[in-house]
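Please read them with the structure open.

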Amino acid sequence: MERFHVSATSHWANYLPEYVAREFGYYEDEGLEFTRSAPDDWTQVLTDLADGRAEVVLGGLWVPAMYHGRGREYVPFAQLNGRNPKVLVVREPVTDFDFKDLEGKTVVAPGAGGTAPYVHTAGLMRRAGVDMSTVRWVRDLSGSMLTELFLNGMGDALVTDAINGAFLQRTGKAHIAVRHHEVGGAMPNSVYYTSRAVIDRDDKIVWRFCRALQRSYDWLKEHEAAELSELLGREWPQLDTAFLATVIDELRAGGIWDDIRIDEQGYAEWLAILAEDGLIDAPVPYADLVDPRPAAEAAVVAS
C-alpha cells in the first residue's frame, strides 16, 4: 500500500465521492493508503503539498490559474465538483427571481475560505446584465460569521453552499433564490491539483486515485444518498442525516458529480470570469494548465 494524502480546503458533503471511495475500499483496491485533512487555514494545503505532507490538493481551480507563470506551477488533473454547489438566499420566498433584482441591494459573500463565492456570483450577475455599480458587497470574512450577521439583519442576500442554504430554508430563516449549479452550468469548482513531479511518478499514483474516484462517481449515479446514512451521520453528526441525504440527492440530480474530467467549456467560462475580476491577466489555455490524462483514462476504463 502506498500513502496517498489529500489536503483539502474543507470537510463538507459536496466532496462526497471522495468519502464514498474510502468507505467502499476503492482506494485500497488500487493499492492506496488514503488519508485526508482539511486545515483551518486553507492556505496550509499549499504548504502541505510543498513539504510533501500531501500528494495532492483539493480546492479551487482559481489557485493554479492565479499561480500559473507567477512562481509556482500546479497541475489540475481531475474535478470533484463539476458545477458550483453554491446558492443565493434571500429573506423572503421568491418566484421568478432575476439577478437584476439585486441592483441597489447588498450581497453578503463569504471569502475567508476562498474567493469563488464572490467571483463566480459576480460573474453570473454580469452575464445577466446587472448594473454592478449599484450592488454593494460584504465579503472576505468567514462563512459562519457572515451567515450569522445576515440572519441578524446584514445585507439583502447571502451566498452560501447548497447544503447550508437548504437547512436555512428548512427553518424558514432564509429562502433559496438562485442555485448556481443550475444557472451557472458546467464549472470546475473544486479540482485536484499537484506538482508535475507527482503527476509523472512511475507508479501512476494519480491515475490509480482517479480510477478509485471514478468508481464512487459511478456508484452515486446508481444509488440514493439514503444508502449512505451511516457514512453521512459519522462525517457530519451535527446535521440531520435524513434531510442531508435529500439535499445530496438534489446535488446528484443537478450534475455536480457527473464527470471527473475537467470540462473544457466550463473551464473556459470560469477562467474568463477570473480574468474579468483581475485574478489572472488573461485566460490560460486549457492545455497549458490541465493534464487531463489521469481522469480521461479513468473515465474510459469505467465506460
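1. Basis. This is a predicted model, in which local features need pLDDT of at least 70, side-chain atom pairs count only at pLDDT 80 or more, and totals for chains, interfaces and linings use all residues. Residues are numbered from 1 along each chain as its sequence is written, and side-chain values use heavy atoms, with hydrogens and water left out.

2. Salt bridges overall. Side chains of opposite charge can pair when their charged atoms come close. The structure holds 26 salt bridges, a salt bridge being a side-chain nitrogen of Lys or Arg within 4 Å of a carboxyl oxygen of Asp or Glu.

3. Arg196 and Asp200 are joined by a salt bridge, at 3.5 Å from N to O. Arg196 has a relative accessible area of 37% and is therefore partly exposed; Asp200, with 43%, is partly exposed too. (Buried means under 20% relative accessible area, exposed over 50%, and partly exposed in between, with a 1.4 Å probe and protein chains only.) A salt bridge also links Arg201 with Asp203, at 2.6 Å from N to O. Arg201 is partly exposed at 28%, and Asp203 is partly exposed at 23%.

4. Arg293 and Asp291. In this salt bridge the closest N and O atoms are 2.8 Å apart. Arg293 counts as partly exposed because its relative accessibility is 41%, whereas Asp291 counts as buried at 5%.

5. Negative patch. Which residues gather in a patch of negative charge on the surface? They are Asp98, Asp101, Glu103 and Asp131. Patches are made of residues with over 30% relative accessible area and no salt bridge; like charges are joined within 9 Å, and nonpolar side chains (Val, Leu, Ile, Met, Phe, Trp, Tyr) within 5 Å. Lys and Arg count as positive and Asp and Glu as negative, while His and the chain ends are not counted. The place of a charge is taken as NZ of Lys, CZ of Arg, CG of Asp or CD of Glu. Asp101 sits in the loop between strand E5 (86–90) and strand E6 (106–109), and is partly exposed at 38%. Helices (H or I, at least four residues) and strands (E, at least two) are DSSP runs, numbered from the N terminus.

6. Nonpolar patch. Leu141, Met145 and Leu149 make up a nonpolar surface patch with about 230 Å² of accessible area together. Accessible areas come from the Shrake-Rupley method with a 1.4 Å probe, and for residues only the protein chains shown count as cover. Met145 belongs to helix H6 (residues 143–151) and is partly exposed at 41%.

7. Asn189. Is Asn189 buried or exposed? Its relative accessibility is 9%, so Asn189 counts as buried. Asn189 lies in the loop between helix H8 (180–183) and strand E10 (190–194). Leaving out residues up to four places away in sequence, Asn189 touches Gly59, Gly60, Leu61, Asn81, Arg83, Asn84, Pro85 and Ala116; contact means heavy atoms within 4.5 Å.

8. Lys221. Lys221 is in helix H10 (residues 205–222) and is partly exposed at 42%. Lys221 is 12 residues from Phe209 in sequence and 19 Å from Phe209 in space, C-alpha to C-alpha. With neighbours within four places in sequence set aside, Lys221 contacts Arg252, Trp257 and Asp258.
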